[in-house]
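Please look over the chain below before reading on.

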Amino acid sequence: MTSTAITMPAPTPIVALDVPSITAAHALVDRLGNAADFYKVGLQLYTAEGPRVVEWLRGAGKRVFLDLKLHDIPNTVRGAAQSASALDVQLLTVHAIGGEPMLRAAVEGGGATGILAVTVLTSMSAQDLESARGHAVTRVADEVLRLAGAAAAAGAHGIVCAGTEVAAVRAAHGSVLRTLVPGIRLGGTPAHDQARVMTPREAAAAGASYVILGRTVTAADDPHAAMRAVLAELRG
Ligand code: C5P
């Protein structure tokens, strides 16, 4: 009998540019050099600098994840996704709670830009969810799976979820939905304000498609060395 073992591709690492200015972003990207080629631009940096930060990264040959967590009427989200696509952004986030028509509009507007649906923010507990949504929530994981279903139905590229939720999402949706996992920490480094953290090795074993590297790399004494350690773990 032949072996049926399936080897999963290593997660794609994305470094979070959680900095206030393009000057600070330049310094971090310079420091990481060729150890990182995919960067997350979030609300802080995008609000401060606008599209020029994306244009600079694309011009430098880096891939870009625009983490704007959009949530608006379908027509507006479609337009924003079109704008992200025109900037040649590779990944864009929208909130899954915006509903299937909004998710569909994002996918249509995004074209080649992969739409990732944020399920439940990792900062939210079951109690927070109950009070925000006005209905009983016994398990956050169930809500993640429900929202992942809407993302899959709308044709999204994937979802954002905690590392602990990847296995259940993969079991329900196979490789149709990619998973992007924040809260990654190299062994022995502080968790900061993240409630649930995973090492790069654990995220790879769980089958994450993308991992977000924040402070475990960017706040390290030597970010380049930390990034090399992450890459070694991801590649096993
Ligand atoms: O520094 P740290 O690794 O905690 O940074 C995590 C990054 O991932 C931040 O940019 C944060 O905004 C993002 N993120 C998160 N939890 C989510 C979605 C995004 O921590 N659910």
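## Strands, a helix and the core

Lys69 is found in strand E3 (residues 63-70). Helices (H or I, at least four residues) and strands (E, at least two) are DSSP runs, numbered from the N terminus. This is a predicted model, in which local features need pLDDT of at least 70, side-chain atom pairs count only at pLDDT 80 or more, and totals for chains, interfaces and linings use all residues. Residues are numbered from 1 along each chain as its sequence is written, and side-chain values use heavy atoms, with hydrogens and water left out.

Back to Lys69. Its phi is positive, about 45°, although Lys69 is not a glycine. His192 also has a positive phi, of about 55°, and is not a glycine. His192 lies in the loop between strand E7 (178-181) and helix H9 (200-206). How open are these residues? Buried means under 20% relative accessible area, exposed over 50%, and partly exposed in between (1.4 Å probe, protein chains only).

| Residue | Relative accessibility | Class |
|---|---|---|
| Lys69 | 28% | partly exposed |
| His192 | 40% | partly exposed |
| His95 | 16% | buried |

What does His95 touch? Contact means heavy atoms within 4.5 Å. Leaving aside neighbours within four places in sequence, the contacts of His95 are Lys69, Leu70, His71, Met102, Leu103, Val118 and Leu121.

Val118 leads us to strand E5 (114-118). Five of the five residues of E5 are buried.

Which strands pair with E5? Two strands pair if DSSP finds at least two bridges between them. Strand E4 (residues 91-95) runs parallel to E5, and five bridges join them. Leu92 has Ile115 of E5 as its bridge partner. From E4 the chain crosses through H5 to E5, and this β-α-β crossover is right-handed. That term applies if, with the strands pointing away from the viewer, the path from the first strand over the helix to the second runs clockwise. E5 also pairs with E6, in the parallel sense, over three bridges. There, Val118 has Val160 of E6 as its bridge partner.

Now take helix H7 (residues 140-153). Its 14 residues should span 20 Å at 1.5 Å a residue, and the end C-alpha atoms are 20 Å apart, which agrees. The expected span is 1.5 Å times one less than the number of residues. Buried in H7 are Val140, Glu143, Val144, Leu147, Ala148, Ala150 and Ala151. They cover an arc of only 155° around the axis, so they lie on the same side of H7. The arc is that of the directions from the helix axis to the C-beta atoms. Their cover includes helix H5 (100-110), helix H6 (126-133) and helix H8 (166-173). Just after H7, Gly155 takes a positive phi of about 85°.

What is the largest nonpolar core made of? A nonpolar core is a set of buried Ala, Val, Leu, Ile, Met, Phe, Trp, Tyr and Cys residues joined through side-chain atoms within 4.5 Å. The largest has 65 residues, and Leu17, Leu66 and Met227 have the most contacts inside it. H7 gives the largest share of this core, six residues. Apart from it lies another core of 11 residues, among them Leu91, Leu180, Tyr210 and Ile212.
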